[in-house]
Amino acid sequence: MIKHFDITVTGHVQGVFYRASTKAVADQLGVKGIVSNKPDGSVFIEAEGDAVSLSMFLDWCKEGPEHAEVISVHSDEGELKNYRNFEVLRKSR
C-alpha cells in the first residue's frame, strides 16, 4: 500500500546539502516525490512509498545530513500524486 506524506523539516537545514542528501536517501529506499527549500528556512518534502520505506525515510529526515541541525519534522498523510521519481526543486513553491 503506497502512502503520501507532506513533510516539513525545520532547523538549520538549508545550505547543508539537505535536499541533495534527501534525494540520495529517497533513491536508496525507493521513495518518490520532491524536496524544496522554503523562504522561511525550512525544507518541504512530498514523499510517496510503502509504509516501511516511508518510516525509514522519516527517521532519516529527523537526522539529516552531517551538518544539519534538525529541530522538528512534521508530517501529514496526503493524497497520492503518483510521482515517478524523486526530484530536487531549485525554487520553492
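The model is predicted.

The chain contains 2 helices and 5 strands. Read along the sequence, these elements follow the order β-α-β-β-α-β-β. The radius of gyration of the chain is 12 Å, close to the 12 Å that the globule rule gives for 93 residues, so the chain is as compact as a globular protein of that length. Along the principal axes, the C-alpha atoms fill a box of roughly 35 × 25 × 20 Å.

Of the 93 residues, 42% count as buried. Contacts with a separation of 6 or more were also considered, and 78% of them join residues 24 or more positions apart. The accessible surface of the chain comes to about 5,500 Å². Carbon and sulfur atoms hold 50% of that surface. The chain carries 11 positive and 14 negative charges.

Strand β3 spans residues 43-50. In this strand, 7 of the 8 residues are buried, so β3 is largely enclosed by the rest of the structure. Strand β1 covers residues 2-12 and pairs with β3 in the antiparallel sense. This pairing runs over 8 bridges. Within it, Ile2 stands opposite Asp50 in β3.

Strand β3 also pairs with strand β2, which covers residues 32-37. These two strands run antiparallel and are joined by 6 bridges. Ile34 stands opposite Glu46 in β3, and Ser36 stands opposite Phe44 in β3. The strands β2 and β3 form a hairpin with 5 residues between them. In this hairpin, Gly41 takes a positive phi near 95°.

Strand β2 is mostly covered, with 5 of its 6 residues buried. Besides its pairing with β3, β2 pairs with β5. Here the sense is parallel, and the pairing runs over 3 bridges. Val35 of this pairing stands opposite Val88 in β5. In a regular strand, side chains alternate between the two faces of the sheet.

Cys61 is found in helix α2, which covers residues 51-63. The relative accessible area of Cys61 is 0%, so this residue counts as buried, the cut-off being under 20%. Neighbours within four places in sequence were left aside, and Cys61 is then in contact with Val9, Tyr18, Ile45, Val70 and Val73. Cys61 and Ser72 are 11 residues apart in sequence. Their C-alpha atoms are 9.3 Å apart in space.

Asn82 has its place in the loop between β4 (69-78) and β5 (86-88). The relative accessibility of Asn82 is 59%, so Asn82 counts as exposed, for which the cut-off is over 50%. Asn82 and Lys32 are 50 residues apart along the chain. Their C-alpha atoms are separated by 8.1 Å.

Methods. Residues are numbered from 1 along each chain as its sequence is written. This is a predicted model: local features need pLDDT of at least 70, side-chain atom pairs count only at pLDDT 80 or more; totals for chains, interfaces and linings use all residues. Side-chain values use heavy atoms; hydrogens and water are left out. Helices (H or I, at least four residues) and strands (E, at least two) are DSSP runs, numbered from the N terminus. The radius of gyration is taken over C-alpha atoms; the globule rule is 2.2 Å times the number of residues to the power 0.38. Buried means under 20% relative accessible area, exposed over 50%, partly exposed in between (1.4 Å probe, protein chains only). Contact means heavy atoms within 4.5 Å. Accessible areas come from the Shrake-Rupley method with a 1.4 Å probe; for residues, only the protein chains shown count as cover. Lys and Arg count as positive and Asp and Glu as negative; His and the chain ends are not counted. The place of a charge is taken as NZ of Lys, CZ of Arg, CG of Asp or CD of Glu. Two strands pair if DSSP finds at least two bridges between them.
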